[in-house]
Amino acid sequence: MAPNKVIITCAITGSVHTPSMSPHLPVTPDQIAVDAIAAAEAGASILHLHARDPQDGRPTAAPAVFMQFLPRIKQATDAVVNITTGGSSLMSLDERLAAPLQAEPEMCSLNMGSMNFALFPMLDKPRDWQHEWEQKLLEATRHTIFKNTFADMETILDKLGKGCGTRFEFECYDVGHLYSLAHFRDRGLVQGPLFIQFVLGILGGIGADPENLLHMKRIADKLFGSDYRFSVLAAGRQQMPLISMAAAMGGNVRVGLEDSLYDGRALAKSNADQVKRIRGILEGLSLEVATPAEARQMLALKGGDRVAF
């Protein structure tokens, strides 16, 4: 396979932004399904999925809600379904694992360490809040920790990885997370090719600076050699500049309304808007977008016929 194939991951809704921040944020199962399918049609080969309460848009881990959109997405597109194991920092590990253990997807995200995951600065912008829970959730991140202990990570690797054949998008929010991943590799609990997502720009993690991207890549090269592929997620306004840089460095890219609500200076009207924008940039760099089948081959996935939805 040509080395210039770039995987586009699209993170459809997440648990960071709230409905009051954008009228285009997918909330209901129908909206999530429609937006995910459109993102796949625009060129995303991996769809990273969270669920939200259909009534008020708050993050939920309920398998029954996931199952309202997972089969629709699988029926309508060949894209790889990647389900969160992060959920939100206010969920227990059992809650976070309930849906993926039922769905047995090809991929799941796996956060590589406990950290401060601060969303409360978003309260500083004046806005008309639609729901009482929104401000409470953002404020709660001032005094809570996003818990991902070594025991938590071992549980996920065992139950999902060993138990379901699921492979992972290893989300590394700081350099130390790369060393934690190397620890699991050295113990034989993970095998290559590893798919490492460098997460830049979350308050509490490494900043969204070009120098930090270069440093993360340098350390990953040192630790994993040729046995990994990297992708970049940059929060907010740094999304497009840093993922474009990642592509030029030989990496893969992640877009989506989970990471940024904007397409340029305006609110993105859909996830597909961001997929189309980065696809245009990639093609302008003479890079080719990987198909879902190529992504499966690149990441050694089990195949869409071996999931439970």
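**Helix packing and loop geometry in a predicted model**

Helix α1 (residues 29-42) crosses α10 in a right-handed sense, a crossing being right-handed if the near helix is turned clockwise from the far one by less than a right angle, and left-handed if anticlockwise. This is a predicted model, in which local features need pLDDT of at least 70 and side-chain atom pairs count only at pLDDT 80 or more, while totals for chains, interfaces and linings use all residues. Residues are numbered from 1 along each chain as its sequence is written, and side-chain values use heavy atoms, with hydrogens and water left out. Helices (H or I, at least four residues) and strands (E, at least two) are DSSP runs, numbered from the N terminus.

**α1 against α10**

- The axes of α1 and α10 lie 8 Å apart, at an angle of about 15°; axes are lines fitted to C-alpha atoms, for helices over the stretch in contact, and angles run from 0 to 180 degrees between N-to-C directions.
- α1 is therefore roughly parallel to α10, since angles under 35 degrees count as roughly parallel, over 145 as roughly antiparallel, 65 to 115 as roughly perpendicular and the rest as oblique.
- D35, A38, A39 and A42 of α1 meet N271, A272, V275, K276 and R279 of α10, where contact means heavy atoms within 4.5 Å.
- By class, this α1 contact with α10 has 5 nonpolar, 1 polar and 3 charged residues; Ala, Val, Leu, Ile, Met, Phe, Trp, Tyr, Cys and Pro count as nonpolar, Asp, Glu, Lys and Arg as charged, and the others, Gly among them, as polar.

**α9 against α10**

- Helix α9 (residues 239-248) packs on helix α10 (residues 271-284) at about 40°, with the axes 10 Å apart.
- The two helices are therefore oblique to each other, and α9 passes α10 in a right-handed crossing.
- On α9 the contact is made by Q239, M240, I243, S244 and A247, and on α10 by Q274, R277, I278, I281 and L282.
- The contact of α9 with α10 has 6 nonpolar, 3 polar and 1 charged residues.

**Helix α6**

- Helix α6 (residues 150-164) has 15 residues and, at 1.5 Å a residue, should span 21 Å; its end C-alpha atoms are 20 Å apart, which agrees. The expected span is 1.5 Å times one less than the number of residues.
- D152, M153, I156, L157, L160 and C164 are buried in α6; buried means under 20% relative accessible area, exposed over 50% and partly exposed in between (1.4 Å probe, protein chains only).
- The buried residues of α6 pack against α4 (93-103), β7 (107-111), β8 (167-172) and α7 (175-186).
- G165 follows α6 and has a positive phi, near 70°.

**Loops and backbone exceptions**

- G192 and P193 are joined by a cis peptide bond with omega about -5°; P193 is in the loop between α7 and β9 (194-200).
- E104, in the loop between α4 and β7, is a residue other than glycine with a positive phi, near 50°. E104 counts as partly exposed at 30% relative accessibility.
- A300, in the segment after α11 (292-299), is not a glycine but has a positive phi of about 55°. A300 counts as partly exposed at 40% relative accessibility.
- L287, in the loop between α10 and β14 (288-289), is buried, with a relative accessible area of 17%.
- Leaving aside neighbours within four places in sequence, L287 is in contact with N4, V6, A247 and L282.
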